[in-house]
Amino acid sequence: MLKLAIQKSGRLHEDSMKLLKECGIAISNGANKLKTEATNFPLQVFFLRDDDIPQYVEDAVADIGIVGENVVYEKNKSVKTVEQLGFGGCRLSIAVVRGEQYNNIQSLEGRRIATSYPHLTKQFLKKNKVNAEIHEISGSVEIAPGIGLSDAICDLVSSGSTLLTNGLKEVETILQSQAVLIRHNNFNAAQQQVLDKLLFRIHAVRKAKNNKYILLNAPNDKLDEIIGLLPGMKSPTVLPLADKGWSSVHSVLSEDEFWDKIEQLKAAGAQGILVVPIEKMVM
Ligand code: PRT
Ligand code: ZN
(Lines give C-alpha, C1' and ligand atoms only; values in the text may rest on other atoms or scores of the structure.)
(Ligands and ions follow the chains in the order given, each with its own letter.)
Protein backbone atom coordinates (compact mmCIF):
# COMPACT_ATOMS: atom_id res chain seq x y z
CA MET A 1 0.00 0.00 0.00
CA LEU A 2 1.37 3.39 -1.05
CA LYS A 3 0.22 6.67 0.51
CA LEU A 4 -0.17 9.53 -1.98
CA ALA A 5 -0.62 13.17 -0.95
CA ILE A 6 -2.44 15.49 -3.34
CA GLN A 7 -3.77 19.03 -2.99
CA LYS A 8 -7.09 19.15 -1.15
CA SER A 9 -8.45 22.01 -3.21
CA GLY A 10 -6.88 24.52 -5.54
CA ARG A 11 -5.24 24.56 -8.92
CA LEU A 12 -3.66 21.10 -8.81
CA HIS A 13 -6.56 19.20 -7.26
CA GLU A 14 -8.65 18.51 -10.35
CA ASP A 15 -5.75 17.54 -12.59
CA SER A 16 -4.31 15.25 -9.90
CA MET A 17 -7.66 13.47 -9.56
CA LYS A 18 -8.00 13.28 -13.34
CA LEU A 19 -4.57 11.70 -13.67
CA LEU A 20 -5.49 8.98 -11.16
CA LYS A 21 -8.73 8.36 -13.02
CA GLU A 22 -6.93 8.10 -16.36
CA CYS A 23 -4.58 5.61 -14.73
CA GLY A 24 -7.64 3.49 -13.99
CA ILE A 25 -7.44 4.12 -10.25
CA ALA A 26 -10.87 4.47 -8.69
CA ILE A 27 -11.10 6.71 -5.64
CA SER A 28 -14.06 8.48 -4.16
CA ASN A 29 -13.41 12.15 -3.61
CA GLY A 30 -15.15 12.83 -0.34
CA ALA A 31 -15.30 16.62 -0.32
CA ASN A 32 -14.42 16.97 3.33
CA LYS A 33 -12.37 13.86 3.75
CA LEU A 34 -8.76 13.90 4.79
CA LYS A 35 -8.02 10.56 3.22
CA THR A 36 -9.53 7.85 1.07
CA GLU A 37 -8.51 4.51 -0.37
CA ALA A 38 -8.51 3.32 -3.97
CA THR A 39 -10.81 0.37 -4.54
CA ASN A 40 -8.73 -1.25 -7.27
CA PHE A 41 -5.11 -0.24 -6.61
CA PRO A 42 -2.93 -0.40 -3.47
CA LEU A 43 -3.13 3.34 -2.92
CA GLN A 44 -4.31 5.56 -0.11
CA VAL A 45 -4.86 9.23 -0.97
CA PHE A 46 -4.38 12.09 1.50
CA PHE A 47 -5.86 15.51 0.71
CA LEU A 48 -3.57 18.26 2.01
CA ARG A 49 -2.51 21.87 1.51
CA ASP A 50 0.11 21.93 -1.22
CA ASP A 51 2.64 23.72 1.00
CA ASP A 52 2.60 20.84 3.48
CA ILE A 53 3.11 18.05 0.96
CA PRO A 54 6.96 18.12 0.78
CA GLN A 55 7.21 17.88 4.58
CA TYR A 56 4.71 15.01 4.78
CA VAL A 57 6.63 13.16 2.10
CA GLU A 58 10.03 13.81 3.68
CA ASP A 59 8.65 12.41 6.96
CA ALA A 60 7.19 9.42 5.09
CA VAL A 61 3.74 10.21 6.45
CA ALA A 62 2.93 10.13 2.75
CA ASP A 63 5.16 8.00 0.49
CA ILE A 64 4.56 10.04 -2.66
CA GLY A 65 3.00 13.39 -3.45
CA ILE A 66 1.83 15.54 -6.33
CA VAL A 67 2.91 19.16 -5.98
CA GLY A 68 4.30 22.05 -8.03
CA GLU A 69 8.06 22.17 -8.56
CA ASN A 70 7.88 25.73 -7.20
CA VAL A 71 6.79 24.32 -3.83
CA VAL A 72 9.35 21.48 -3.95
CA TYR A 73 12.22 23.93 -4.50
CA GLU A 74 10.92 26.54 -2.06
CA LYS A 75 10.45 24.05 0.78
CA ASN A 76 13.76 22.41 -0.03
CA LYS A 77 12.93 19.17 1.79
CA SER A 78 14.73 15.93 1.33
CA VAL A 79 12.47 14.40 -1.33
CA LYS A 80 13.10 13.04 -4.80
CA THR A 81 11.27 14.13 -7.96
CA VAL A 82 10.32 11.01 -9.90
CA GLU A 83 8.20 12.35 -12.72
CA GLN A 84 7.09 15.59 -14.35
CA LEU A 85 3.36 15.45 -14.88
CA GLY A 86 2.75 18.07 -17.57
CA PHE A 87 0.05 20.11 -15.79
CA GLY A 88 0.06 23.10 -13.41
CA GLY A 89 2.53 24.92 -15.63
CA CYS A 90 3.65 28.36 -14.45
CA ARG A 91 6.79 30.38 -13.76
CA LEU A 92 8.13 32.17 -10.73
CA SER A 93 8.99 35.71 -11.78
CA ILE A 94 10.01 39.08 -10.45
CA ALA A 95 7.76 41.96 -11.50
CA VAL A 96 8.10 45.69 -11.00
CA VAL A 97 5.74 48.64 -11.42
CA ARG A 98 5.04 49.03 -15.13
CA GLY A 99 5.97 52.69 -15.51
CA GLU A 100 9.25 52.23 -13.73
CA GLN A 101 12.53 52.01 -15.59
CA TYR A 102 14.18 48.62 -15.35
CA ASN A 103 17.53 48.03 -17.03
CA ASN A 104 18.78 44.79 -15.58
CA ILE A 105 18.84 42.83 -12.38
CA GLN A 106 21.00 45.50 -10.72
CA SER A 107 17.91 47.72 -10.83
CA LEU A 108 16.65 45.65 -7.88
CA GLU A 109 19.56 46.68 -5.66
CA GLY A 110 18.24 48.06 -2.35
CA ARG A 111 14.59 47.58 -3.36
CA ARG A 112 11.85 45.86 -1.36
CA ILE A 113 10.46 42.66 -2.87
CA ALA A 114 7.24 41.06 -1.58
CA THR A 115 6.92 37.31 -2.06
CA SER A 116 5.55 34.01 -0.75
CA TYR A 117 8.76 32.42 -2.04
CA PRO A 118 11.46 33.90 0.22
CA HIS A 119 13.87 31.00 -0.16
CA LEU A 120 13.89 30.97 -3.97
CA THR A 121 13.92 34.76 -4.16
CA LYS A 122 16.90 35.03 -1.80
CA GLN A 123 18.75 32.33 -3.67
CA PHE A 124 18.20 34.11 -6.98
CA LEU A 125 19.32 37.49 -5.62
CA LYS A 126 22.37 35.96 -4.01
CA LYS A 127 23.37 34.19 -7.20
CA ASN A 128 23.16 37.54 -9.00
CA LYS A 129 24.93 39.45 -6.22
CA VAL A 130 22.01 41.79 -5.62
CA ASN A 131 21.06 43.02 -2.15
CA ALA A 132 17.35 43.58 -1.73
CA GLU A 133 14.93 43.48 1.16
CA ILE A 134 12.55 40.54 1.13
CA HIS A 135 9.07 40.90 2.62
CA GLU A 136 7.45 37.53 3.07
CA ILE A 137 3.66 37.59 2.68
CA SER A 138 1.38 34.60 2.27
CA GLY A 139 -1.09 35.79 -0.36
CA SER A 140 -2.26 38.60 -2.67
CA VAL A 141 1.37 39.41 -3.39
CA GLU A 142 0.42 41.34 -6.52
CA ILE A 143 -1.16 44.18 -4.53
CA ALA A 144 1.98 44.86 -2.44
CA PRO A 145 3.49 47.60 -4.65
CA GLY A 146 0.10 49.31 -5.02
CA ILE A 147 -0.33 49.65 -1.26
CA GLY A 148 3.25 50.76 -0.69
CA LEU A 149 4.47 47.58 0.95
CA SER A 150 7.14 46.88 -1.67
CA ASP A 151 8.74 48.09 -4.90
CA ALA A 152 8.61 44.74 -6.62
CA ILE A 153 7.13 41.26 -6.21
CA CYS A 154 8.25 37.72 -6.86
CA ASP A 155 5.26 35.52 -7.63
CA LEU A 156 3.86 32.79 -9.86
CA VAL A 157 2.70 33.83 -13.31
CA SER A 158 0.79 31.83 -15.87
CA SER A 159 -1.22 33.98 -18.30
CA GLY A 160 0.23 37.25 -17.00
CA SER A 161 -3.19 38.86 -16.55
CA THR A 162 -2.81 39.31 -12.78
CA LEU A 163 0.35 41.34 -13.34
CA LEU A 164 -1.35 43.34 -16.05
CA THR A 165 -4.41 44.26 -13.97
CA ASN A 166 -2.17 45.31 -11.10
CA GLY A 167 0.02 47.58 -13.19
CA LEU A 168 3.11 45.37 -12.98
CA LYS A 169 5.56 44.06 -15.57
CA GLU A 170 7.53 40.84 -15.48
CA VAL A 171 11.28 41.46 -15.57
CA GLU A 172 13.06 38.28 -14.42
CA THR A 173 12.06 34.62 -14.51
CA ILE A 174 13.49 32.60 -11.63
CA LEU A 175 11.97 29.20 -12.31
CA GLN A 176 9.76 27.33 -14.77
CA SER A 177 7.45 24.99 -12.92
CA GLN A 178 4.93 22.20 -13.41
CA ALA A 179 3.33 19.58 -11.20
CA VAL A 180 5.63 16.69 -10.31
CA LEU A 181 5.43 13.39 -8.50
CA ILE A 182 7.79 13.27 -5.53
CA ARG A 183 8.76 10.46 -3.16
CA HIS A 184 10.71 10.09 0.08
CA ASN A 185 14.14 8.54 0.26
CA ASN A 186 13.37 5.39 2.24
CA PHE A 187 11.47 3.27 -0.19
CA ASN A 188 11.41 -0.48 0.38
CA ALA A 189 11.10 -3.04 -2.41
CA ALA A 190 7.34 -3.45 -2.00
CA GLN A 191 6.74 0.30 -2.16
CA GLN A 192 9.00 0.62 -5.19
CA GLN A 193 6.99 -2.10 -6.91
CA VAL A 194 3.72 -0.20 -6.44
CA LEU A 195 5.37 3.04 -7.56
CA ASP A 196 6.70 1.35 -10.70
CA LYS A 197 3.22 0.09 -11.45
CA LEU A 198 1.82 3.59 -11.04
CA LEU A 199 4.58 5.13 -13.18
CA PHE A 200 3.97 2.57 -15.90
CA ARG A 201 0.37 3.78 -16.09
CA ILE A 202 1.31 7.46 -15.91
CA HIS A 203 3.72 6.98 -18.83
CA ALA A 204 1.02 5.28 -20.89
CA VAL A 205 -1.43 8.09 -20.21
CA ARG A 206 1.06 10.88 -20.93
CA LYS A 207 2.40 9.20 -24.05
CA ALA A 208 -1.13 8.80 -25.38
CA LYS A 209 -1.85 12.50 -24.82
CA ASN A 210 1.14 13.43 -26.95
CA ASN A 211 0.11 11.20 -29.82
CA LYS A 212 -2.75 10.82 -32.25
CA TYR A 213 -3.94 7.80 -34.17
CA ILE A 214 -4.20 8.52 -37.86
CA LEU A 215 -6.08 6.61 -40.58
CA LEU A 216 -5.89 7.54 -44.25
CA ASN A 217 -6.55 6.22 -47.71
CA ALA A 218 -3.60 5.98 -50.09
CA PRO A 219 -3.42 5.16 -53.79
CA ASN A 220 -1.23 2.05 -54.07
CA ASP A 221 1.23 3.73 -56.44
CA LYS A 222 1.90 6.37 -53.72
CA LEU A 223 2.01 3.89 -50.85
CA ASP A 224 5.80 3.79 -50.44
CA GLU A 225 6.07 7.56 -50.35
CA ILE A 226 3.23 7.87 -47.83
CA ILE A 227 4.57 5.10 -45.59
CA GLY A 228 7.93 6.83 -45.68
CA LEU A 229 6.35 9.86 -44.04
CA LEU A 230 4.88 7.91 -41.14
CA PRO A 231 6.79 6.76 -38.08
CA GLY A 232 4.27 4.35 -36.46
CA MET A 233 5.06 2.31 -33.37
CA LYS A 234 6.77 -0.41 -35.43
CA SER A 235 5.62 0.36 -38.95
CA PRO A 236 2.23 1.48 -40.23
CA THR A 237 -0.59 -1.00 -40.69
CA VAL A 238 -1.58 -1.27 -44.37
CA LEU A 239 -4.90 -2.85 -45.34
CA PRO A 240 -6.37 -3.23 -48.84
CA LEU A 241 -9.57 -1.27 -49.55
CA ALA A 242 -12.54 -2.70 -51.42
CA ASP A 243 -11.75 -0.20 -54.15
CA LYS A 244 -8.82 -1.85 -55.98
CA GLY A 245 -5.74 0.31 -56.26
CA TRP A 246 -6.28 1.88 -52.82
CA SER A 247 -5.11 0.97 -49.32
CA SER A 248 -5.98 2.09 -45.83
CA VAL A 249 -2.95 3.13 -43.77
CA HIS A 250 -3.01 3.37 -39.94
CA SER A 251 -0.31 4.92 -37.85
CA VAL A 252 0.54 7.07 -34.83
CA LEU A 253 1.76 10.68 -35.04
CA SER A 254 3.16 12.83 -32.27
CA GLU A 255 1.51 16.15 -31.49
CA ASP A 256 4.56 18.29 -32.35
CA GLU A 257 5.02 16.98 -35.89
CA PHE A 258 1.32 16.54 -36.51
CA TRP A 259 0.38 19.47 -38.77
CA ASP A 260 3.55 19.28 -40.86
CA LYS A 261 2.98 15.60 -41.50
CA ILE A 262 -0.67 16.06 -42.42
CA GLU A 263 0.29 18.60 -45.07
CA GLN A 264 3.01 16.33 -46.43
CA LEU A 265 0.63 13.35 -46.50
CA LYS A 266 -2.00 15.32 -48.41
CA ALA A 267 0.61 16.55 -50.86
CA ALA A 268 1.74 12.95 -51.38
CA GLY A 269 -1.80 11.89 -52.37
CA ALA A 270 -3.36 10.72 -49.10
CA GLN A 271 -7.15 11.14 -48.85
CA GLY A 272 -9.86 10.71 -46.23
CA ILE A 273 -7.48 11.44 -43.37
CA LEU A 274 -8.99 10.67 -39.94
CA VAL A 275 -7.33 11.64 -36.69
CA VAL A 276 -8.40 9.96 -33.47
CA PRO A 277 -7.30 10.56 -29.87
CA ILE A 278 -5.52 7.71 -28.13
CA GLU A 279 -6.56 6.82 -24.60
CA LYS A 280 -3.55 4.75 -23.45
CA MET A 281 -0.29 3.90 -25.14
CA VAL A 282 1.92 1.08 -23.90
CA MET A 283 5.28 0.70 -25.58
O1 PRT B 1 -4.67 25.85 -0.29
P2 PRT B 1 -3.34 25.51 -0.84
O3 PRT B 1 -2.18 26.03 -0.03
O4 PRT B 1 -3.23 24.02 -1.13
O5 PRT B 1 -3.28 26.19 -2.29
P6 PRT B 1 -2.53 27.53 -2.77
O7 PRT B 1 -3.53 28.63 -2.76
O8 PRT B 1 -1.24 27.71 -2.09
O9 PRT B 1 -2.13 27.13 -4.25
P10 PRT B 1 -2.92 27.24 -5.62
O11 PRT B 1 -4.05 26.27 -5.63
O12 PRT B 1 -3.19 28.63 -6.00
O13 PRT B 1 -1.76 26.72 -6.60
C14 PRT B 1 -1.25 25.44 -6.48
C15 PRT B 1 -0.13 25.29 -7.49
O16 PRT B 1 -0.60 25.52 -8.80
C17 PRT B 1 1.02 26.25 -7.36
O18 PRT B 1 1.93 25.89 -6.33
C19 PRT B 1 1.67 26.13 -8.73
O20 PRT B 1 2.51 25.00 -8.79
C21 PRT B 1 0.48 25.89 -9.65
N22 PRT B 1 0.09 27.10 -10.44
C23 PRT B 1 0.04 27.13 -11.79
C24 PRT B 1 -0.25 28.31 -9.98
C25 PRT B 1 -0.51 29.11 -11.09
N26 PRT B 1 -0.34 28.36 -12.20
C27 PRT B 1 -0.93 30.49 -10.90
N28 PRT B 1 -1.15 31.19 -11.88
N29 PRT B 1 -0.38 28.80 -8.72
C30 PRT B 1 -0.78 30.08 -8.55
N31 PRT B 1 -1.06 30.94 -9.58
C32 PRT B 1 -1.52 32.31 -9.19
C33 PRT B 1 -0.38 33.29 -8.93
O34 PRT B 1 0.05 33.19 -7.59
C35 PRT B 1 -1.04 34.63 -9.23
O36 PRT B 1 -1.80 35.08 -8.13
O37 PRT B 1 -2.28 32.89 -10.21
C38 PRT B 1 -1.99 34.28 -10.34
C39 PRT B 1 -1.29 34.53 -11.65
O40 PRT B 1 -1.99 33.93 -12.70
P41 PRT B 1 -2.08 34.67 -14.13
O42 PRT B 1 -2.73 33.68 -15.03
O43 PRT B 1 -2.93 35.88 -13.93
O44 PRT B 1 -0.68 35.00 -14.57
ZN1 ZN C 1 -0.43 26.69 -0.75
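Me: How many cavities of 30 Å³ or more does the count give here?

Reply: First, the ground rules. This is a predicted model, in which local features need pLDDT of at least 70 and side-chain atom pairs count only at pLDDT 80 or more, while totals for chains, interfaces and linings use all residues. Residues are numbered from 1 along each chain as its sequence is written, chains are lettered from A and ligands numbered from 1 in the order in which they are written, and side-chain values use heavy atoms, leaving out hydrogens and water. Now the idea: on a 1 Å grid over the protein atoms alone, a cavity is a set of points where a 1.4 Å probe fits but cannot get out; a pocket is an open set with protein on both sides within 12 Å along at least five of seven lines; lining residues have an atom within 4 Å of a point. By this rule, the count is 1 cavity of 30 Å³ or more.

Me: What volume does the largest cavity have, and which residues line it?

Reply: A volume is the space filled by probe spheres set on grid points, which are joined across faces, edges and corners. Here the figure is about 40 Å³. The lining consists of Leu 4, Leu 19, Leu 20, Cys 23, Ile 66, Leu 85, Leu 181, Leu 198 and Ile 202. H1 and H6 are the elements that give two or more residues to this lining. Such elements are DSSP runs numbered from the N terminus: helices (H or I, at least four residues) and strands (E, at least two).

Me: How many of the cavity's lining residues are nonpolar, polar or charged?

Reply: Ala, Val, Leu, Ile, Met, Phe, Trp, Tyr, Cys and Pro count as nonpolar; Asp, Glu, Lys and Arg as charged; the others, Gly among them, as polar. The cavity lining has 9 nonpolar residues, no polar ones and no charged ones.

Me: Where does the largest pocket lie?

Reply: Start with the domains, whose bounds come from an automatic or database assignment. The chain is divided into domain 1 (2-87 + 178-207), domain 2 (90-177) and domain 3 (211-277). Domains 1 and 2 both give residues to the lining of the largest pocket, so the pocket lies between them. It holds about 1,100 Å³ of space.

Me: What lines the largest pocket?

Reply: There are 39 lining residues, with Arg 11, Asn 70, Tyr 117, Asp 155 and Leu 156 nearest the centre. They split into 12 nonpolar, 17 polar and 10 charged. Helix H3 (69-75), strand E9 (152-157) and helix H5 (161-165) each supply at least two. H3 has the largest share, 4 residues.

Me: Which residues are closest to ligand 1?

Reply: A residue is near a molecule if one of its heavy atoms lies within 4 Å of it. Ligand 1 is surrounded by 23 residues, the closest being Asp 51, Asn 70, Ser 159, Gly 160 and Thr 162.

Me: What polar side-chain atoms lie by the oxygen atoms of ligand 1?

Reply: Asp 50 has a polar side-chain atom 2.8 Å from an oxygen atom of ligand 1. For Asp 155, the distance from a polar side-chain atom to a ligand 1 oxygen atom is 3.5 Å.

Notes: Polar contact = N/O pair within 3.5 Å; in protein donor to acceptor, adjacent residues only side chain to side chain.
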